[in-house]
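I opened my notebook for a new structure today. Here is what I looked up, in the order I looked.

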Protein chains: 2
Amino acid sequence: MAPWGERLAGVRGVLLDISGVLYDSGAGGGTAIAGSVEAVARLKGSRLKVRFCTNESQKSRAELVGQLRRLGFDISEGEVTAPAPAACQILKERGLRPYLLIHDGVRSEFGQIDTSNPNCVVIADAGESFSYQNMNNAFQVLMELENPVLISLGKGRYYKETSGLMLDVGPYMKALEYACGIKAEVVGKPSPEFFKSALQAIGVEAHQLLSM
Amino acid sequence: MAPWGERLAGVRGVLLDISGVLYDSGAGGGTAIAGSVEAVARLKGSRLKVRFCTNESQKSRAELVGQLRRLGFDISEGEVTAPAPAACQILKERGLRPYLLIHDGVRSEFGQIDTSNPNCVVIADAGESFSYQNMNNAFQVLMELENPVLISLGKGRYYKETSGLMLDVGPYMKALEYACGIKAEVVGKPSPEFFKSALQAIGVEAHQLLSM
């Protein structure tokens, strides 16, 4: 691999993941990963454009940013690209009314969305809300649609909390895909559209980017 | 398709499914499907060998047979091939100690199985017991094993209850497969070994069989 100086030539922007990169989530707000508060401060003090690009879908951006600020990070809501707002835009554009299989913490992001008489399902990292009853509700909504639409906020297999490994949204997305014989649309990483929207927000081209 | 008389020439045995064929499960013990009580009686009064082959894994055979008898079926426990006893045999043969992600109704079938310090996961149609907590427990057991073994009692997508469609074990099996990057071993239909054990029980060869 080329040395850092060479790799950084031409780099104009940096995309930073949040969970597992800046901090480990967990009880009591999680813990900052050693050196990350300082690294963010140095990047933001440099000539580089910085954007935070996360698949976090248990919390609203407001809650997430509040938590990070309490851990010492200099970060504001407008600097964060997250799947829930991206999904809301898709729902509005396509006239979709979702059954929301999501964590209560992220529900506020969907405050402007019509959820009556659902014609699609949005699934996110719902944690304890992944009950059999809720999964079955989502399944029944999909089975009653002529063209079932399942939108998944990310497709991660699992993530690490301070207490151990936790199932992410991906396994539950796969469960509904198999049950209904359909394929989900993934909003969030690794979807190229999602990365593009983060780049557009800082006016940087893909070849000018460092992502970590 | 050949006429019935021709198709039945050489047939010596009949395998009958239970749920969705003899009865629809649901609240209050479910309901017999019209004509099925009489059909079973006529088959058992004929020259044909009859065996019941089910993927039912929410109930023990004793409970299932009790329910069917109350609905008017002439059926005994010894006439039923079911996944839980087949799984117990595999666990014993291979020295496996399962974490059981199953419905309480079928737990008695595993009464003789050592479940301490689990070195595999057995998943069945657990219904409401498919909580996030229980799924995550199963996931964590698998992730800590060098060679993760996941045994699934069937892989059905869903089944019909009198109240509507219900998620079966298959979607949850797929969820754990994806989360852990593994492939489950399916015990029950459509596994050829499972059908073979049902045939052996009535001494009939596959080409002499009618299955419905």
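Which residue in E5(B) is the bridge partner of Cys53(B)? I found Thr81(B) there. This is a predicted model, where local features need pLDDT of at least 70, side-chain atom pairs count only at pLDDT 80 or more, and totals for chains, interfaces and linings use all residues. Residues are numbered from 1 along each chain as its sequence is written, chains are lettered from A and ligands numbered from 1 in the order written, and side-chain values use heavy atoms, without hydrogens and water.

**The sheet.** I saw that strand E4 (residues 49-53) of chain B runs parallel to E5(B), joined by two bridges. (Strands are DSSP runs of E, at least two residues, and helices runs of H or I, at least four, numbered from the N terminus; strands pair if DSSP finds at least two bridges between them.) I then traced an open sheet of four strands in chain B, in the order E5-E4-E1-E12, with parallel pairing.

The same surface serves both copies, as 100% of the contact residues of chain A recur in chain B (contact means heavy atoms within 4.5 Å).
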